[in-house]
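Here is a friendly briefing to read alongside the sequence and the model. Take a look at both, and then work through the notes below by topic.

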Amino acid sequence: MTQLKNLLPAAAKALLLAVLISTTSSSVSWAEEEIGPAFAPPVTKTMTPEIGPGMRNNNSNFIVVLDPGHGKTGGHYSGCNFVYNGVTYYEDEITMKIATYTKQYLEQFSNYTVYLTKDSAEVTIPLDQRAAFAASVQADLFVSQHVDSALGNGTVKNAYGVSSMAPRTGRFNNDLALQSQEAANTILKQLNGLGLNNRGLILRDSENGTLFPDGSQADYYAIPRYSQMYGIRGFIIEHGFLNHTSDLTLFLSTEEQYKALGEADAKGIMEYLQKAGKSTFVQTAQNTQTAQNTNNQNEGAVTPPSVTGSNGPGVN
Ligand SMILES: [Zn+2]
C-alpha cells in the first residue's frame with residue numbers, strides 16, 4: 001500500500017512531464033503536431049452525438065471513421081500551408097475535401113457506414129477525442145487524412161510522395177498493429193497508382209518515455225498510439241508534400257485532384273476491408289478496466305448479502 005502511494009505521485013509527475021515535453025518540443029516537420037497527450041479518455045457512448053456529425057447508412061456492415069486533419073484554432077488554420085503562384089494552399093481545407101470525397105465514394109455502397117470526426121475545416125478537435133470517437137462507434141478502420149510539408153533542410157526539405165504513420169508491430173496489441181499496417185499499405189498502393197511516390201510506413205517510438213499498458217514502448221504519433229490503446233485499426237495517411245512543386249501541382253491544387261486522392265483512399269479502404277473483414281474489437285487497457293468493474297458488479301449481484309441470514313432484499 002505504501003509502495004502504491006509513493007508510486008502514484010511519481011506516475012502523475014511522469015505523465016505531466018510527458019505532456020509538457022510533447023507540447024513544447026520544437027518541430028522538424030508539421031506532422032509532429034500529431035503527437036497529442038499521452039493517454040486518451042475512456043470511451044463513452046455520449047461521445048457519438050457530441051463529436052460525429054457524419055450521416056449514417058443503416059444497412060451497412062463496415063464502419064469507417066475518416067478524420068480530416070487539423071482545423072482552425074485561435075482564428076488560424078493549425079495545419080501546414082504553402083504559397084505558390086500567389087495562392088495559399090491550406091492543409092486543413094485540403095484534408096476536409098479529401099475526406100468528403102472518400103466518404104462520398106464509400107457511401108455509394110450500402111454496406112459502408114462512414115463518419116467524419118468533424119464536418120468543417122473551420123473547426124478542430126483534440127486528437128484524443130478524434131480517436132475516442134472512432135472507438136466509441138467501434139470503427140473497422142480509422143483513417144486520419146493529412147497533407148505533408150517539410151520545413152527542414154536537405155533530404156527532408158526535398159521529400160515528396162505519400163506515407164503513413166502507423167503503429168509498430170512486435171509489442172502491445174501486435175496483431176492489431178499488423179492489421180493497421182496492412183490497411184495503410186493497401187491505401188498507399190492506391191495513391192501510388194495515381195503517380196505519387198510511395199514513401200511507405202513511418203514507424204516512430206515515443207521519445208518521452210510513454211509506455212503502453214503492458215510496459216512496452218508506445219508509438220510517437222497520437223493517432224496510431226490511441227488506436228492501439230482503444231483496440232481499433234488506425235493510422236495517419238499523408239497525401240504528398242505541399243512544398244514540393246510536383247506534388248502540389250499534380251496532386252494537391254485542384255478539385256479534381258482532391259477527388260482523385262479521396263477516391264484512392266476509398267478504394268484502398270474497401271480493398272482492405274473486403275479482404276480482412278470486420279475488426280474484432282480488441283481488449284485494451286480501457287475496456288479491460290470496464291470488464292473488471294463489470295465482473296465485480298456481477299459477483300456482488302450473485303453473492304447473497306448475508307451468508308448466514310435469510311435472503312436479503314432484491315434477491316427475488
Ligand atoms: Zn497534418
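In this predicted model, glutamine 138 is partly exposed, with a relative accessible area of 43%. Glutamine 138 sits in the loop that links α4 (127-136) to β7 (141-148), and its phi is positive, about 50°, although it is not a glycine.

**Loop positions and backbone angles**

- Asparagine 173 also has a positive phi, near 50°, in a residue other than glycine.
- You will find asparagine 173 in the loop between β8 (162-165) and α6, where asparagine 173 is buried at a relative accessible area of 16%; the cut-off for buried is under 20%.
- Glycine 231 follows α7 and has a positive phi, near 80°.
- Glycine 209 belongs to the loop between β9 (198-202) and α7 (222-230).
- With a relative accessibility of 49%, glycine 209 counts as partly exposed, since exposed begins over 50%.
- Between the C-alpha atoms of glycine 209 and tyrosine 220 there are 9.7 Å, and the two residues are 11 apart along the chain.

**The zinc site**

- Three residues coordinate the zinc ion: His70 through NE2, Glu91 through OE and His146 through ND1, at 2.1 to 2.2 Å.
- Along the chain, the zinc donors follow the spacing H-x20-E-x54-H.
- Histidine 70 comes from the loop between β1 (62-68) and β2 (72-73), while glutamate 91 is in helix α3 (residues 91-106), so this pair ties together parts that lie 21 residues apart in sequence.
- Histidine 70 is buried, with 6% relative accessible area.
- Glutamate 91 is buried as well, at 1%.

**Helix α9 and its contact with α3**

- Helix α9 (residues 255-276) packs with α3 at an angle of about 50°, and their axes are 7 Å apart.
- The two helices, α3 and α9, are therefore oblique to each other.
- Their crossing, α3 with α9, is right-handed.
- On the α3 side, the contact is made by Ile94, Lys97, Ile98, Tyr101, Thr102, Tyr105 and Leu106.
- On the α9 side, the residues taking part include Glu255, Tyr258, Lys259, Leu261, Gly262 and Met270.
- By class, the contact of α3 with α9 holds 10 nonpolar, two polar and six charged residues.

**Helix α9 and its contact with α6**

- Helix α6 (residues 174-193) packs with α9 at an angle of about 140°, with 8 Å between the axes.
- That angle makes α6 oblique to α9, because roughly antiparallel applies to angles over 145 degrees.
- The crossing of α6 past α9 is right-handed.
- From α6, the residues that meet α9 are Gln179, Glu182, Ala183, Thr186, Ile187, Lys189, Gln190 and Leu191.
- Their partners in α9 are Leu261, Ala264, Asp265, Lys267, Gly268, Ile269, Glu271, Tyr272 and Lys275.
- The contact of α6 with α9 divides into seven nonpolar, four polar and six charged residues.

- How many of the residues of α7 are buried? Nine of its nine residues are, and α7 is mostly covered.
- The buried residues of α7 include Ala222, Ile223, Pro224, Arg225 and Tyr226, and Ser227, Gln228, Met229 and Tyr230 are buried there too.
- Helices α4 and α7 pack at about 40°, with their axes 9 Å apart.
- As α4 passes α7, the crossing is right-handed.
- In this contact, Leu127, Asp128, Ala131, Ala132 and Ala135 of α4 meet Ala222, Ile223, Tyr226 and Tyr230 of α7.
- Sorted by class, the contact of α4 with α7 has eight nonpolar residues, no polar ones and one charged.

**The chain as a whole**

- The protein chain has 10 helices and 10 strands.
- Of the 316 residues in the protein chain, 47% are buried.
- Among contacts in the protein chain between residues at least 6 apart in sequence, 78% join residues at least 24 apart.

Technical notes: Residues are numbered from 1 along each chain as its sequence is written. This is a predicted model: local features need pLDDT of at least 70, side-chain atom pairs count only at pLDDT 80 or more; totals for chains, interfaces and linings use all residues. Side-chain values use heavy atoms; hydrogens and water are left out. Donors are N, O and S atoms within 2.8 Å of the metal (3.2 Å for Na, K and Ca); water is not among the atoms, so sites may look incomplete. Helices (H or I, at least four residues) and strands (E, at least two) are DSSP runs, numbered from the N terminus. Buried means under 20% relative accessible area, exposed over 50%, partly exposed in between (1.4 Å probe, protein chains only). Axes are lines fitted to C-alpha atoms, for helices over the stretch in contact, and angles run from 0 to 180 degrees between N-to-C directions. Angles under 35 degrees count as roughly parallel, over 145 as roughly antiparallel, 65 to 115 as roughly perpendicular and the rest as oblique. A crossing is left-handed if the near helix is turned anticlockwise from the far one by less than a right angle, and right-handed if clockwise. Contact means heavy atoms within 4.5 Å. Ala, Val, Leu, Ile, Met, Phe, Trp, Tyr, Cys and Pro count as nonpolar, Asp, Glu, Lys and Arg as charged, and the others, Gly among them, as polar.
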